[in-house]
Amino acid sequence: MSTKSIAFYDDPSYDYKKYWHERQYENESEKICLKRLFKLIPQKQTLADIGGGFGRLVPQYVDEFSQCLLVDPSERLLKEAQQLCRKYKNLKIKKGFVENLPIENQQFDVALLIRTFHHLEDPQRAIKEIYRILKPNGFLILEFPNKIHFKNCLKAIFRLDFSCFNQEPEDISSEAGVVPFLNYHPKYIKNLLKESKFKIIKIFSVSNFRNPLFKKIIPLKLLLWKESAFSLLTSYFSPLCYFGPSIFILARKSTR
């Protein structure tokens, strides 16, 4: 992860918890997806939450796994995680970078990499590190921002600008501010995982109704019901897998 990203999250003027408090729909949508993915994983002893920040997703996995580890490079977020998660006895917290994890080989059944991939300058190295720390046949749950989501495709058609369809990562750092931010084509991610000896098990389109108007006029419970149903539908029909702005992939470490 870049030093700019770390400085951004360490800045006391930026409230990352507030960011998520104002995005309840996105937060709950990701939790729905994680719950489904955990059901597909047979071994649930150890889990590493890489780039876990202040521990937003800890309540989703801490009761599912016997031993959990949260890793993040931001000292400020780690302090917040320690305060938020001190009641969990099976959770450890460490400072570390995804490109150079402070973990020995083949230690974990599952690794999470959620809301982190878009900040990475060397994604291939990060995936290889996760491969290293996973046990044989271990699982990776990876989230990444989708450059060919439905809204982006519509914009491309109206503007006659089809650059979003090429497989190169799309750098939108200038739009996102000073923090490096990359959107990815799903085929790029699938090829990256294949090259790193991961087999894709399941793909979910998430936050499918991320729209300011929808979130304003539709009650959250109803919106999440629609999200749950549509996200499940996308996992069975390949053309719909890439509908939403956020993609979750469940991949298994191959030993071949």
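How many residues line the largest cavity, and which of them lie nearest its centre? I began with this question, keeping in mind that the model is predicted, that local features need pLDDT of at least 70 and side-chain atom pairs pLDDT 80 or more, while totals for chains, interfaces and linings use all residues. I also noted that residues are numbered from 1 along each chain as its sequence is written, and that side-chain values use heavy atoms, with hydrogens and water left out.

**Entry 1, the cavity.** I looked up the lining and found 21 residues, with Y16, G51, G52, G53 and D72 nearest the centre of the largest cavity. A cavity here is a set of points, on a 1 Å grid over the protein atoms alone, where a 1.4 Å probe fits but cannot get out, and lining residues have an atom within 4 Å of a point. The volume, the space filled by probe spheres set on the points, is about 190 Å³ for the largest cavity. I then noted that α1 (3-10) and α2 (16-21) each supply at least two lining residues, and that the largest share, three residues, comes from α1; helices are DSSP runs (H or I, at least four residues), and strands are runs of E of at least two.

I listed P186, I189, L192 and L193 as the buried residues of α9 (residues 186-195), where buried means under 20% relative accessible area and exposed over 50%, with a 1.4 Å probe and protein chains only.

Methods:
1 Å grid on protein atoms, 1.4 Å probe; cavity = no way out; pocket = protein on both sides within 12 Å on 5 of 7 lines; lining within 4 Å.
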